[in-house]
Amino acid sequence: MSARQPMDPTNFEPLGHSAERERLEQTWSTPPGIYGWLTTVDHKLIGKRFIVTAFFFFLAGGILAMLMRLQLAQPDNRLLGPDLYNQIFTMHGTTMMFLFAVPIMEAMGVYLVPLMVGTRNIAFPRLNAFSYWIYLFGGLMLYSAFLLNIGPDVGWFSYVPLAGPEYGTGKRADFWAQTITFTEVSALAVAVEIITTVFKQRAVGMSLGRVPLLAWAMVVMSFMIIFAMPGVILASTTLIMDRLVGTHFFNPAEGGDALLWQHLFWFFGHPEVYIIFIPALGMMSSIIATFSRRPVFGHAVMVSALVATGVIGFMLWVHHMFATMVPNAGKMFFTVASMLIALPTALQVYCWIATLWTGRPVFKTPLLFVLAFFFILVLGGLTGLMLASISLDTQVHDTFFVVAHLHYVLIGGAVFPLFGAFYYWFPKITGRLLNETAGRWNFWLFFIGFNLAFFPMHQLGLEGMPRRVYTYPEAMGWGGLNLLATIGAGLIAASVLVFIGNVLWCRRRGALVGNNPWSAGTLEWATTSPPPDYNFHPVPVVAGPEPLWERATGLPVVAGLSDTTREVLVTTLIEAKPDHREELPGPSLWPLISALALAALFVGSIFTPWAVVWGSIPVAAALIGWFWPKKRETEEEVAEEVPP
Amino acid sequence: MKILRGVWIAMLGAAALTGCEREERNFVEPPPTSSAVESLRLSDLRPGPSSPPPAAENSAYQENAYAISEGQRLFSWYNCAGCHFHGGGGIGPPLMDDLWIYGSEPQNIHATIIQGRPNGMPAFGGRIPDYQVWQLAAYVRSLSGLTPKDAVPARSDHMSNESPPTTMEKPSPKMTGSPP
Amino acid sequence: MSLFGDPHFAWRNAQSALNSAGPQAARIEAYWWLIFAVSALALILVVLAMFYALFHSRRRSDLEPEFRPSPKLERSRGWVVGILGAVTGVILLGLIAGSFATDQALESFTAQDALSIDVIGHQWWWEVQYIDPVPSRRASTANEIHVPVGRTVALTLKSHDVIHSFWAPNLTGKQDLIPGHEATLNFRADRAGVFRGQCAEFCGYQHAYMGFLVVAEPPDQFAAWLEKQRAPAMTPANPSQRRGQEVFLSRDCALCHTIQGTEASGKTAPDLTHLAGRKTLAAATLANNPSTLAAWIVDPQSLKPGNHMPSHLQSVRLGGDGPSGLLNQEDLQALLDYLGNLE
């Protein structure tokens with residue numbers, strides 16, 4: 001099972017017998033045509049689809065942001081009006097948080113994690129297909145609602161009573177709540193897949209200490225999803241029940257409590273920020289290691305910092321509620337936790353600087369995006385310390401200062417590394433390089449535009465401009481800085497257009513650069529770019545955290561996996577010793593059908609509680625179809641059984 | 001892939017054509033209504049729900065969540081609840097049942113509010129703007145389930161909407177005076 | 001639409017956390033400057049360290065990856081990272097201590113003789129009640145809080161509709177008004193002046209124009225003002241004002257507004273007993289003068305779309321004898337004359 005033979009890491013393709021490859025091709029390929037498109041369970045196809053969909057939502061959210069900036073460019077502006085503006089800022093926040101940031105991080109995980117740990121597909125591949133469909137349907141539902149003038153207008157946080165039945169009239173807040181349910185179901189599914197893949201499907205020899213930092217980050221993110229998302233599903237469900245069937249969870253007159261909503265929402269809402277931020281830290285580590293030509297300094301410290309961030313991330317939520325009547329003694333605990341969470345991130349920043357210092361930096365576009373992090377995210381983190389102080393927070397909370405802070409953290413901490421990651425892994429996905437000159441335009445326009453747009457907001461907040469206002473009186477004197485911010489937003493838009501042009505052009509015409517253009521060290525570069533349907537053949541064995549650097553002459557490999565069934569190697573949790581072989585399921589229409597049935601239930605339950613009753617019948621039928629045992633599988637299992 | 005996209009766009013287009021009357025927010029009142037209202041002179045003695053069909057411009061209020069919610073707010077602000085309570089009736093007749101003394105069409109209710117009715121219902125004509133009367137009519141109709149369910153909130157944020165069954169039988173002592 | 005053409009209504013620095021006018025805001029401002037200095041220094045150091053690392057990294061001609069860095073070098077760099085981490089930890093503890101000290105200081109600013117005021121947030125205006133043990137000595141106003149300089153004010157904050165947040169940054173931090181809960185907020189103005197505040201929690205369509213003023217004035221002026229607020233409204237002095245009052249009482253106005261000393265006793269909209277004495281209209285949105293008042297009465301929905309003041313555009317356009325015959329030009333003139341003199 002572990003016969004070892006040498007292999008050229010940068011030129012994987014020619015090795016192995018071609019007949020074997022053909023059989024593998026046949027076993028792992030996705031059926032052709034639209035049927036294949038609907039039934040595929042290939043993590044690379046689903047991952048790409050996930051990334052492209054999330055990017056479309058990023059563009060939609062960006063267009064909404066531009067509309068808001070146009071409205072705020074001058075005082076007393078009448079461009080949008082409060083009704084439309086409230087819908088737009090709610091849609092912007094909901095889109096960016098639920099339909100872009102979290103899904104795109106999951107999507108990168110779905111695409112990269114199986115390649116990084118050296119396996120042939122993600123764990124639970126049909127669940128993976130399901131999670132994409134349910135996410136897509138949730139997003140389409142929200143945007144259909146928005147185009148029909150039923151876009152939510154109560155903020156991405158939907159505070160009750162404003163989002164409750166009396167003040168949130170119509171169905172707008174219901175669509176918000178159901179969008180949350182959709183995307184959280186999807187996120188939970190992806191989290192389970194990623195954890196299982198990293199824990200049980202690693203290449204032989206990839207002990208926990210050798211797991212790449214990005215895979216670690218994805219695991220921490222997934223655990224955070226598993227602990228945080230149930231809170232918000234509970235919140236959105238109780239909100240729907242208050243609105244649809246008149247329960248009183250949030251009605252103070254009947255013993256409910258408006259503050260309860262805030263606790264439930266922020267218990268999820270703050271970890272959400274780290275769910276977005278932690279994978280980005282992993283991407284930072286990958287890019288810095290490759291472009292410094294050395295492993296990241298202090299691997300153990302980095303991993304501990306990721307885990308610590310994930311744990312402390314759950315102890316901060318009340319700092320969103322410092323202006324409420326939570327007792328002060330309670331708030332003080334959250335001040336301490338909110339300040340101390342800066343420490344693990346600071347350590348990571350120091351380790352990266354030490355990596356650059358002791359390495360040999362190569363200045364390519366991915367590294368530029370990563371270097372911007374050292375200015376933008378650090379600034380955002382420092383303003384975060386200001387929000388951690390109870391008394392100072394009461395001055396800046398819910399003002400444009402917080403708008404500036406959160407964009408510095410989320411754009412600097414997640415979107416900049418993500419763009420770096422696009423440039424870095426684009427050759428992996430397509431086999432072609434993105435244009436470097438366009439990349440630099442993309443970077444500098446984004447960097448300058450970003451700071452122009454968001455830095456003035458710090459001052460606006462301190463000068464008294466609250467968030468979520470559709471306009472402001474001229475006499476407040478906020479016009480100049482707001483105009484500046486709008487100009488900056490225009491530059492960001494230009495930068496994103498440059499990126500889109502770059503991708504569209506280079507997808508077909510970019511330079512062909514071989515399998516490992518950056519001569520990186522992690523396993524995803526050990527196969528062809530783009531990878532074949534079966535990812536690896538033969539399946540590699542690793543002996544260090546950067547296997548491709550350590551064995552210049554080639555990696556040892558594992559043989560003995562079936563090439564006629566979709567078999568992957570399952571390894572032990574800590575040492576990654578070979579444990580057993582597991583057959584993964586192939587393409588199926590059932591995930592799509594189940595997702596459609598569940599989507600019908602969710603959308604129907606916006607209008608009538610009976611949708612839950614009648615809608616559960618198709619869902620149950622679809623799930624029975626999905627899990628109905630096949631004849632071949634049953635026979636095989638019977639054959640394998642050892643009689644007592 | 002393209003087929004799916006096409007199907008979705010077609011569905012969306014179809015839905016957009018029908019529009020979503022439920023969700024409009026008309027902050028600025030619509031243009032003055034025709035004199036249809038003026039010509040509507042129902043005899044006070046004529047009971048039952050027979051009435052002219054609703055005028056098109058007012059149906060916008062009937063299925064509109066914002067109008068119904070505004071009607072709900074005005075119902076308490078203009079102290080309708082002082083006599084009718086929250087629909088259960090007290091000094092004034094209950095509004096939650098399906099018994100309509102002067103007709104259940106929006107125009108009937110509009111006329112009742114504008115002109116007043118014998119035995120205590122004051123005339124609000126000249127006191128409250130016309131569009132608010134239509135909003136009130138929409139809310140009053142929603143109390144007995146005459147408006148689409150998806151435009152009506154499931155509950156209000158107050159305790160009172162829980163209690164009509166008991167308060168109906170025992171009018172509160174505060175309410176013994178005659179209505180204004 | 002710049003109805004604030006009057007330079008008196010330029011609010012720059014009148015709603016600013018960096019222009020404190022009382023001890024509470026001053027303490028927070030002091031902590032702000034401390035944390036700002038520390039943060040600015042930290043940011044500069046990180047960026048400098050990054051550039052230092054980039055340009056003093058070991059120059060090697062080849063791009064061969066160094067997958068097993070020299071343990072000796074790693075150890076020495078490890079010490080640097082460790083020490084930096086420890087220093088960061090100590091600085092964070094210092095900032096936590098500073099934050100707690102500020103919180104403590106704010107808690108300690110309570111006073112026995114505090115002036116009690118109830119503030120009730122409504123969509124989208126502020127009701128202000130001056131509490132007094134003697135019911136007849138209570139006073140009610142809206143969107144304008146007068147306070148005596150040098151005396152602590154204890155606000156009781158309530159809301160009966162949605163969540164609002166009371167924020168007058170020159171005086172102290174914000175406090176949310178959550179239905180079903182009561183909150184308190186103390187502040188003191190140490191210098192006279194007109195400060196502006198605004199709702200800081202998203203509360204619906206007109207969250208943007210839900211402002212208020214805090215007028216800090218010397219104690220004797222304040223006492224005189226409060227005495228005046230306790231009095232009922234002036235009686236109409238001439239036929240025009242009398243007609244105005246009649247219009248007010250017979251139309252929709254009186255259903256929501258109160259004017260003390262008349263039959264108008266609506267509780268859902270601002271008390272207008274001393275309307276003419278206020279500096280602004282519509283929750284610190286418009287300067288208070290006859291033309292803005294007329295615009296507000298006739299067409300509030302285009303000035304603040306979605307607010308709860310009914311539009312009278314239709315009735316005025318119809319010359320007063322439309323379907324509901326609400327208001328004609330002469331009525332409006334008389335109404336303005338009456339309201340404009342409610343000092």
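This is a predicted model: local features need pLDDT of at least 70, side-chain atom pairs count only at pLDDT 80 or more; totals for chains, interfaces and linings use all residues.
Of the 23 residues in helix 5 of chain A, 19 are buried, so the helix is largely enclosed by the rest of the structure. Just after helix 5 comes A:Asn149, with a positive phi of about 65 degrees.

**The contact between chain C and chain A.** Chain C gives 77 residues to this contact, and chain A gives 80 residues. On the chain C side, the elements that give two or more residues are helix 1 (23-56), helix 2 (71-108) and strand 7 (175-177). Helix 2 of chain C supplies the largest share, 17 residues. By class, the chain C side holds 44 nonpolar, 23 polar and 10 charged residues.

**The two domains of chain C.** Domain 1 of chain C covers 10-231, and domain 2 covers 239-339. Taken over C-alpha atoms, the centres of these domains are separated by 37 Å.

**Where domain 1 of chain C touches domain 2 of chain C.** Domain 1 puts 19 residues into the contact, and domain 2 puts in 15 residues. On the domain 1 side, at least two residues each come from strand 2 (125-130), strand 3 (139-142), strand 10 (211-217) and helix 3 (219-230) of chain C. This side of domain 1 has 9 nonpolar, 7 polar and 3 charged residues.

Conventions:
Residues are numbered from 1 along each chain as its sequence is written. Chains are lettered from A and ligands numbered from 1 in the order in which they are written. Two residues are in contact if their C-beta atoms, placed from the backbone, lie within 7 Å. Helices (H or I, at least four residues) and strands (E, at least two) are DSSP runs, numbered from the N terminus. Ala, Val, Leu, Ile, Met, Phe, Trp, Tyr, Cys and Pro count as nonpolar, Asp, Glu, Lys and Arg as charged, and the others, Gly among them, as polar. A residue is buried if 20 or more other C-beta atoms lie within 10 Å of its own, exposed if 12 or fewer, and partly exposed in between; C-beta atoms are placed from the backbone. Domain bounds come from an automatic or database domain assignment.
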